[in-house]
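Have the sequence and the model open as you read.

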Amino acid sequence: MDSSQLPDEFIQLCQLVTAKRPKAVINHILQYGFITTEELKETYGYNHPPRAARDVRENGIPLQTFRVTGKDGRKIAAYRFGDISKARFSRLSGRTVLSKQLKSTLVKQHGCKCFIYLEEMNERELQIDHRVPFEVDGEPEMEAESFMLLCSSANRAKSWSCEHCENWRKLKDKSICLSCYWAYPENYNHIAMQQIRRIDLIWRGDDVEIYEKLKNQAIEL
């Protein structure tokens with residue numbers, strides 16, 4: 001659909017999005033009609049295009065995925081606006097303010113650290129993410145329990161794992177997500193519906209020497 005054919009209310013919703021990544025995707029689609037994964041990587045430097053598309057959807061703007069031919073002749077994914085009747089016009093008002101309040105609440109409750117890697121970091125390096133993906137359960141109530149703080153690395157890892165999960169793609173069962181590592185790493189029984197257990201350890205400063213000793217012992221054994 002040409003941007004001139006889009007309802008004014010939808011255009012206004014698009015203009016309310018101020019975060020850099022989803023805004024870049026939205027503006028490109030408004031100008032050209034769609035955006036490819038190739039363009040997301042080469043023009044905007046986003047090495048994980050599905051995350052950029054997800055950012056747009058989480059701001060209440062529906063996207064449709066389809067296939068086009070890339071520069072090398074292979075089929076690649078592309079995104080255009082989906083059914084605009086499903087845009088969440090009432091959801092975005094005040095979203096940025098809520099996010100700031102929500103972030104402060106999460107920091108107060110859990111400390112200024114990534115929920116997955118448990119690494120303490122500057123608050124500006126942490127991102128708010130849904131515990132249960134929006135694509136599975138929709139927009140939850142703006143309560144701290146429904147969200148988590150993630151560093152960019154953990155957010156990318158979670159996004160990739162979730163998007164390749166059968167529950168994300170077909171089942172859409174919230175209860176499956178609630179028992180998943182990516183929602184509650186402190187209490188889970190599967191990772192993206194697979195029987196996997198994991199632990200992430202970080203050595204910093206003087207502790208790096210301990211890590212090197214353990215690593216060498218492991219190699220010897």
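Ala, Val, Leu, Ile, Met, Phe, Trp, Tyr, Cys and Pro count as nonpolar, Asp, Glu, Lys and Arg as charged, and the others, Gly among them, as polar. Keep this sorting in mind for the linings below. Please also remember that the model is predicted.

## A closed space inside

Rolling a probe the size of a water molecule over the atoms shows where empty space is left. In this model, the count comes to one cavity of 30 Å³ or more. The largest cavity holds about 110 Å³ of space. It is lined by 14 residues, and the closest to its centre are Pro 133, Cys 162, Cys 165, Cys 177 and Cys 180.

What kinds of residues form the lining of the largest cavity? There are 11 nonpolar residues, two polar ones and one charged one. Two helices, α8 (166-171) and α9 (174-178), each supply at least two residues of this lining.

Now turn to the second largest pocket, which contains about 590 Å³ of space. Its lining is made of 25 residues, and Arg 57, Leu 63, Gln 64, Thr 65 and Tyr 79 are the closest to its centre. Several elements give two or more residues to this lining: α3 (37-42), α4 (49-58), β2 (63-69), β3 (75-81) and α6 (134-137).

Sorting the lining of this pocket by residue type gives 10 nonpolar, five polar and 10 charged residues.

Strands of a sheet pair through backbone hydrogen bonds, either parallel or antiparallel. Here, three strands make an open sheet in the order β1-β3-β2, and their pairing is antiparallel. Why is one side of β1 (35-36) and of β2 left without a neighbour in the sheet? Both strands stand at the edges and each has a single partner strand, so one side of each has no neighbour there.

You can follow the pairing of β2 with β3 over seven bridges, in the antiparallel sense. To pick out one example, find Val 68: its bridge partner in β3 is Ile 76.

## Charged pairs

Side chains of opposite charge can pair when their charged atoms come close. How many salt bridges are there in this model? The count comes to 15. One of them joins the side chains of Asp 129 and Arg 51, at 3.6 Å from N to O. This pair links distant parts of the chain, as Asp 129 lies in strand β4 (residues 126-130) and Arg 51 in helix α4, 78 residues apart. Are Asp 129 and Arg 51 buried or exposed? Both are buried. These two residues also belong to a network of salt bridges, together with Arg 21, Arg 54, Asp 55, Glu 58 and Lys 158.

Another salt bridge brings together the side chains of Lys 174 and Asp 137, at 3.5 Å from N to O. Here too, distant parts of the chain are linked: Lys 174 is in helix α9 and Asp 137 in helix α6, 37 residues apart. Lys 174 has a relative accessible area of 37% and is partly exposed, and Asp 137 counts as partly exposed at 33%.

Finally, look at Asp 72 and Arg 74, which form a salt bridge with their closest N and O atoms 2.8 Å apart. Asp 72 is partly exposed, since its relative accessible area is 49%, while Arg 74 reaches 59% and is exposed. The cut-off for exposed is over 50%.

Key: Residues numbered from 1 in each chain as written. Predicted model: local features only at pLDDT ≥ 70, side-chain atom pairs only at ≥ 80, totals over all residues. Heavy atoms only, no water. 1 Å grid on protein atoms, 1.4 Å probe; cavity = no way out; pocket = protein on both sides within 12 Å on 5 of 7 lines; lining within 4 Å. Points joined across faces, edges and corners; volume = space filled by probe spheres on them. Helix = DSSP H or I, 4+ residues; strand = E, 2+ residues; numbered from the N terminus. Pairing = 2+ DSSP bridges. Salt bridge = Lys/Arg side-chain N within 4 Å of Asp/Glu carboxyl O. Buried < 20%, exposed > 50% of the residue type's maximum accessible area, 1.4 Å probe, protein only.
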